[in-house]
Amino acid sequence: MAGRRVALKAIDWVAFAERVPPNQRSMFNALKTRTDGIAAKLASLPETPATIDWSYYKTAVAKAGMVDEFEKKFKALQIPEPVDTQTNAINAQEVEANKSAAAYIEASKGRIAKYEQQLAKFQNMIPFDQMTIEDLNDTFPETKLDKVKHPYWPHKPIADL
Amino acid sequence: MFLYLSSHSHQTDAMHGLVQASRSLHTSSQSLAPVPPLPEKGGQVRHGLIPEEFFQLLYPKTGVTGPYMLGTGLLVYMLSKEIYVINHETFVAASIATVVIYGIKKFGPSVAAFADKLNEEKVAKAQEVKDLAMTSLTQGIENEKKEQWRVDGRSMLFDAKRNNVAMLLETNYRERLHMVTNEVKRRLDYQIALQDLHRRMEQEHMVNWVEKSVVSSITPQQEKESIAKCIADLKALAKTTQARA
């Protein structure tokens with residue numbers, strides 16, 4: 001019965017914690033406690049089980065052949081390794097997450113481009129004390145007074161003054 | 001001027017393909033250059049009426065007093081020749097002018113400051129809006145970048161999950177190993193315990209049986225003889241002890 005082990009990937013929990021957004025912090029904490037529990041349980045079990053002292057039993061047990069039979073069967077026994085059912089699901093989840101992350105990053109980049117465009121507009125604006133009213137209406141279209149809808153001064157509803 | 005403009009617009013139609021539409025030549029009387037900023041102060045004026053340029057104009061020829069002499073001469077000429085006739089309107093004008101000039105001199109600067117303040121407030125409000133917009137935009141860009149950085153760490157989550165799965169499998173495997181060993185050991189120990197029990201029971205049974213047989217083999221005759229012997233022994237012992245004591 002040989003014990004085999006795939007190497008566990010070392011996880012930097014500090015760096016991981018930094019990347020968690022505040023609204024998912026509780027989920028992260030739950031994950032961490034669960035992981036710690038599992039790791040503690042694993043550490044508490046020794047790697048190989050206690051060896052059986054066959055010679056002592058051979059002398060002690062009177063029934064002939066019982067110990068030999070046990071020994072033979074014990075040595076021949078192969079304990080099946082537990083089947084891994086979850087890794088595929090996790091891999092599938094990871095692929096999906098990558099896709100949605102790529103989409104989010106694309107959207108985020110679009111947002112950044114929009115913000116930068118507006119920022120450039122503000123930075124390239126002429127200073128307010130050198131603007132005329134036409135310049136102001138060009139830069140901020142919402143300041144343009146609708147002289148067709150309200151033909152008389154002040155060209156906007158009194159409530160808006 | 002209109003003829004001039006229309007002739008030029010004919011030219012523009014012909015040259016339409018040569019020049020970009022947004023830069024058509026002379027299509028309106030407005031120049032497309034950016035308007036130069038307004039000067040800080042208006043034109044300098046002496047005595048509120050006469051522009052400074054007039055004095056500068058006459059300075060080379062007549063020096064500092066030239067324009068004043070010109071003004072005085074003109075005034076005297078108009079009065080003497082009765083081009084301007086002094087009547088009651090003159091005094092009305094003089095009184096009104098006095099009051100107006102007094103009012104302007106007294107209240108002018110404060111009114112100007114007030115008007116300037118109104119303008120300043122408008123500009124400051126607009127500036128505030130602009131600054132706020134710029135800071136919020138930069139903040140927004142930073143936040144987006146931060147979120148992108150956060151998203152990049154998603155592989156760690158899946159590594160953690162896979163680690164968990166691996167640890168659980170290993171734990172399970174070890175538990176199975178331990179269980180097998182323990183069970184085999186328990187069975188062997190059970191056999192040994194069973195054997196010990198058997199031996200002990202046989203021993204006890206044998207002892208009991210021997211005791212019982214010995215006790216039953218003592219006949220009444222032997223009992224009487226042993227009791228008599230005991231009494232004799234006791235008497236002898238008593239004699240020896242009495243003697244000593």
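Biologist: Does His155(A) count as buried or exposed?

Modeller: In this predicted model, His155(A) has a relative accessibility of 14%. The cut-off for a buried residue is under 20%. His155(A) therefore counts as buried.

Biologist: What is the phi value of His155(A)?

Modeller: His155(A) lies in the segment after H6 of chain A. Its phi is positive although the residue is not glycine. The value for His155(A) is near 60 degrees.

Biologist: Is Glu82(B) exposed or buried?

Modeller: Glu82(B) is placed in the loop between H3 and helix H4 (88-151) of chain B. Its phi is near 55 degrees, a positive value in a residue other than glycine. The relative accessible area is 53%, and the cut-off for exposed is over 50%. Glu82(B) is therefore exposed.

Biologist: Where do the buried residues of H4(A) lie around the axis?

Modeller: Helix H4 (residues 66-76) of chain A has Met66(A), Val67(A), Glu71(A) and Phe74(A) as its buried residues. These residues cover an arc of only 130 degrees around the axis, so they lie on the same side of H4(A). On the other side, the exposed residues are Lys72(A), Lys73(A) and Ala76(A).

Biologist: What do the buried residues of H4(A) pack against?

Modeller: The buried set includes Phe74(A) and Met66(A). One partner belongs to chain A and the other to chain B. The buried residues pack against helix H3 (54-60) of chain A together with H5 of chain B.

Biologist: How are H5(A) and H5(B) oriented, roughly parallel or roughly antiparallel?

Modeller: The axes of helix H5 (residues 86-123) of chain A and helix H5 (residues 154-217) of chain B come within 10 Å and cross at roughly 175 degrees. Angles over 145 degrees count as roughly antiparallel. H5(A) is therefore, relative to H5(B), roughly antiparallel.

Biologist: How many charged residues are in the contact of H5(A) with H5(B)?

Modeller: On the H5(A) side, the contact residues include Ile90(A), Glu94(A) and Ala97(A), while H5(B) contributes, among others, Arg154(B), Phe158(B) and Lys161(B). By class, there are 5 nonpolar and 6 polar residues, and the number of charged residues is 4.

Biologist: What is the area buried between chain B and chain A?

Modeller: The two chains meet through 55 residues of chain B and 74 residues of chain A. Tyr173(B), Arg174(B) and Leu188(B) supply 10% of the area that chain B buries against chain A, more than any other three residues. Carbon and sulfur atoms give 70% of the area buried between the chains, which is about 6400 Å².

Biologist: How many charged residues are in the contact of H2(B) with H3(B)?

Modeller: The axes of helix H2 (residues 52-62) and helix H3 (residues 66-80) of chain B come within 8 Å and cross at roughly 105 degrees, so H2(B) is roughly perpendicular to H3(B). Phe54(B), Phe55(B), Leu58(B) and Thr62(B) in H2(B) face Gly66(B), Pro67(B), Tyr68(B) and Leu70(B) in H3(B) across this contact. The classes are 6 nonpolar, 2 polar and, for charged residues, none.

Notes: Residues numbered from 1 in each chain as written. Chains lettered and ligands numbered in written order. Predicted model: local features only at pLDDT ≥ 70, side-chain atom pairs only at ≥ 80, totals over all residues. Heavy atoms only, no water. Axes fitted to C-alpha atoms, helices over the stretch in contact; angles between N-to-C directions. Helix = DSSP H or I, 4+ residues; strand = E, 2+ residues; numbered from the N terminus. Parallel < 35°, antiparallel > 145°, perpendicular 65-115°, else oblique. Contact = heavy atoms within 4.5 Å. Nonpolar A, V, L, I, M, F, W, Y, C, P; charged D, E, K, R; others polar. Buried < 20%, exposed > 50% of the residue type's maximum accessible area, 1.4 Å probe, protein only. Arc of directions from axis to C-beta. Buried area = accessible area lost by both parts, 1.4 Å probe.
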